[in-house]
Amino acid sequence: MKAAFEAGFTHVTHFYNAMPGFHNKMGYKYEGTVESVYLIDDMTIECIADGIHVPPTILRMAYKIKGVERMALITDALAVAAAGPDAKAFDDRVIIEDGVCKLADRSALAGSIATSDRLVRTMVTQAEVPLEDAVRMASETPAHIMGVFDRKGALARGKDADVLILDEKLKVRCVWQMGKIIENSLF
C-alpha cells in the first residue's frame, strides 16, 4: 500500500471487502491491506455502509480512524435496489437475502441493494456516528474525492440543487434533483 500511495494511488474502494488484514507468517506478525491503509493518513476510503458488507463496529472504527474527510459512504447498489422489496436478482446464480445480493450457494456477497439513505441510517443507528457526520460522508466527502465539490456535495449558492429530505426515522420524504422535485411524500 505504501508503494501504491507513493506511485499516486490515494483512494481505496470497497474498504474491507476482500482485503486481507493482520496475519501471521512463520511466527511473525504482518499488517495487511486494511492496517496499511489506516496508517496512510492521506489515503481516503469508501465503505459499503449497509451494515452487512462491513459490520457496524468496523464502520465505527473506520470512522474513528479515518474521520469524516477521508471516509465516503457508497452503496455499491445493483439495479435491483430500485426495484422494491419483491425484486428478483439479475442472475439465477444470485439471490437477494438479508438485505444484500449473495451467490445462490451463500458462499459470498454478490453486491448491494442498499440505497444512500440506508447507509446514513446504518451509520447513525448502528455505528453510532452523529447524523451530521454520516450525511457529510454520503455527500460532501465523495464530492471532494471525485473533484466535483464545486457543484455537488453541499447546499450552497451556485451548486446543483440536489436535496434530500429525511424524516425522523431517516427515511426519504422528498428528493430534489437540479432544483426539481422528483420524489415527494411530504404532502
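## Aromatic pairs

Rings of Phe, Tyr and Trp (its six-membered ring) count as a pair if their centres lie within 6.5 Å, and planes over 60 degrees apart make the pair edge-to-face. The model is a predicted one. By the ring rule, it holds three aromatic pairs. One of them joins Phe15 and Tyr16, edge-to-face, at 4.7 Å centre to centre with 65° between the planes. Tyr16 also pairs edge-to-face with Tyr38, at 6.3 Å centre to centre and 65° between the planes. Because Tyr16 lies in the loop between strand E1 (11-12) and strand E2 (23-25) while Tyr38 is in helix H2, this pair ties together parts that are 22 residues apart in sequence.

Buried means under 20% relative accessible area. Phe15 counts as buried because its relative accessibility is 0%. Tyr38, with a relative accessible area of 12%, is buried, whereas Tyr16, at 21%, is partly exposed.

In soluble globular proteins, nonpolar side chains tend to be buried together. The largest nonpolar core here has 26 residues, and Phe15, Ile45, Leu59, Met71, Met123 and Met137 touch the most other members. Two or more residues each come from helix H2 (33-39), strand E4 (44-48), H3, E5, H4 and H5.

Which residues is Met71 in contact with, leaving aside its neighbours within four places in sequence? They are Ile45, Cys47, Leu59, Ala62, Tyr63, Lys66, Met123, Met137 and Thr141.

## Helix H4 and its cover

Helix H4 spans residues 116-126, and its buried residues are Asp117, Arg118, Leu119, Val120, Arg121, Thr122 and Met123. The cover over these buried residues includes helix H3 (56-66), helix H5 (131-138), and strands E5 (71-74), E9 (163-166) and E10 (172-177). Just after H4, Glu128 has a positive phi of about 60°.

## Surface patch and loop

On the surface, Met26, Tyr28 and Tyr30 form a nonpolar patch, with about 430 Å² of accessible area together. Tyr30 belongs to strand E3 (residues 28-30) and is partly exposed, its relative accessible area being 37%.

Phe90 sits in the loop between E5 and strand E6 (94-97). Leaving aside neighbours within four places in sequence, Phe90 is in contact with Leu78, Val80, Cys101 and Ala110. From Leu39, Phe90 is 51 residues away in sequence and 38 Å away in space, C-alpha to C-alpha.

Methods:
Residues numbered from 1 in each chain as written. Predicted model: local features only at pLDDT ≥ 70, side-chain atom pairs only at ≥ 80, totals over all residues. Heavy atoms only, no water. Patch = residues over 30% accessible without salt bridge, like charges linked within 9 Å, V, L, I, M, F, W, Y side chains within 5 Å. Areas by Shrake-Rupley, 256 points an atom, 1.4 Å probe, with all protein chains shown as cover. Salt bridge = Lys/Arg side-chain N within 4 Å of Asp/Glu carboxyl O. Helix = DSSP H or I, 4+ residues; strand = E, 2+ residues; numbered from the N terminus. Buried < 20%, exposed > 50% of the residue type's maximum accessible area, 1.4 Å probe, protein only. Contact = heavy atoms within 4.5 Å. Core = buried A, V, L, I, M, F, W, Y, C linked by side-chain atoms within 4.5 Å. Phe/Tyr/Trp six-rings, centres within 6.5 Å; stacked < 30°, edge-to-face > 60°.
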